Structures are given as C-alpha cells and as structure tokens.
Amino acid sequence: MKPQIHPQYRQVLFHDTAADAFFLVGSTITSDRRYIWKDGKEYPYVALDVSSQSHSFYTGKQKQVSAEGSVARFNKRFGAFAGKKES
C-alpha cells in the first residue's frame, strides 16, 4: 500500500442528540470538536440527528398505517375522476 494516502483511523465519539446517547466507535471521519469521555480521554466529537437509539425502526415505535384507510382516503380524493371517461 502507498504511504500517506489513507485517512487516519481512530476512536471517535458519536452523540445521538435525539436520544442523548453516546457511541465510541472506530472511524476515519474528521471533526474539529472534541469531548472528554467517561474514561477521561479526549476524543473527536460528531453530533448525529438519528441513530439506532432514536430511529423508529430500531426502537419499535413505528407508526402503523392502515391499508384500508389509505385506500379510502385515495378514493375520497380521486374517486370522482375514476367515473369520468374522456370522449
């Protein structure tokens, strides 16, 4: 491998601001911000909007959408157009 072309791989602290959860993970992402973690060491800090701690798919708090309700809503909005035929 060529030297000096690969990004630096190190421990980075990711913070899910929606769930207020922290993850210490190896990454090559760059950040100007730093944060002191529980172990007393300072790590690069990256704020996230969504992670597995706050995403509805992983938390099990998904919205259940009724198929019948969707069809009824569609027919209510566009049902009048279905009966018309162009001459």
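Asp 20 lies in the loop between β1 and β2, the latter strand covering residues 21–27. The model is a predicted one, and every value below is computed from it.

Two helices and four strands make up the secondary structure of the protein. Along the sequence their order is β-β-β-β-α-α. Of the 87 residues, 15% count as buried. The protein exposes about 7700 Å², and carbon and sulfur atoms supply 53% of that area. Among contacts with a separation of 6 or more, 35% are between residues 24 or more positions apart.

**Positive phi angles.** Most residues other than glycine have a negative phi. Asp 20, which is not a glycine, has a positive phi of about 50 degrees. Gln 4 is also not a glycine, and its phi is positive at about 70 degrees. Gln 4 belongs to the segment before β1, a strand that spans residues 10–16. Gln 4 counts as exposed because its relative accessibility is 81%, above the 50% cut-off for that class. Asp 20 is likewise exposed, at 55% relative accessibility.

**His 15 and its partners.** Asp 20 also takes part in a side-chain contact: a polar contact of 2.9 Å links it to the side chain of His 15. His 15 is a residue of strand β1. A relative accessible area of 10% places His 15 among the buried residues, since the limit for buried is under 20%. The side chain of His 15 makes a polar contact with the side chain of Tyr 45 as well, at 2.6 Å. Neighbours within four places in sequence aside, His 15 is in contact with Asp 20, Ala 21, Phe 22, Tyr 45, Val 46, Ala 47 and Leu 48. That list includes both polar partners, Asp 20 and Tyr 45.

**A nonpolar patch.** Phe 74, Phe 78 and Phe 81 make a nonpolar surface patch of about 340 Å². Phe 78 lies in helix α2, which runs over residues 67–83. With a relative accessible area of 35%, Phe 78 is partly exposed, because that value falls between the 20% and 50% limits.

The accessibility values of the residues discussed are set out here.

| Residue | Relative accessible area | Class |
|---|---|---|
| Gln 4 | 81% | exposed |
| Asp 20 | 55% | exposed |
| Phe 78 | 35% | partly exposed |
| His 15 | 10% | buried |

Conventions. Residues numbered from 1 in each chain as written. Predicted model: local features only at pLDDT ≥ 70, side-chain atom pairs only at ≥ 80, totals over all residues. Heavy atoms only, no water. Buried < 20%, exposed > 50% of the residue type's maximum accessible area, 1.4 Å probe, protein only. Patch = residues over 30% accessible without salt bridge, like charges linked within 9 Å, V, L, I, M, F, W, Y side chains within 5 Å. Areas by Shrake-Rupley, 256 points an atom, 1.4 Å probe, with all protein chains shown as cover. Salt bridge = Lys/Arg side-chain N within 4 Å of Asp/Glu carboxyl O. Polar contact = N/O pair within 3.5 Å; in protein donor to acceptor, adjacent residues only side chain to side chain. Contact = heavy atoms within 4.5 Å.
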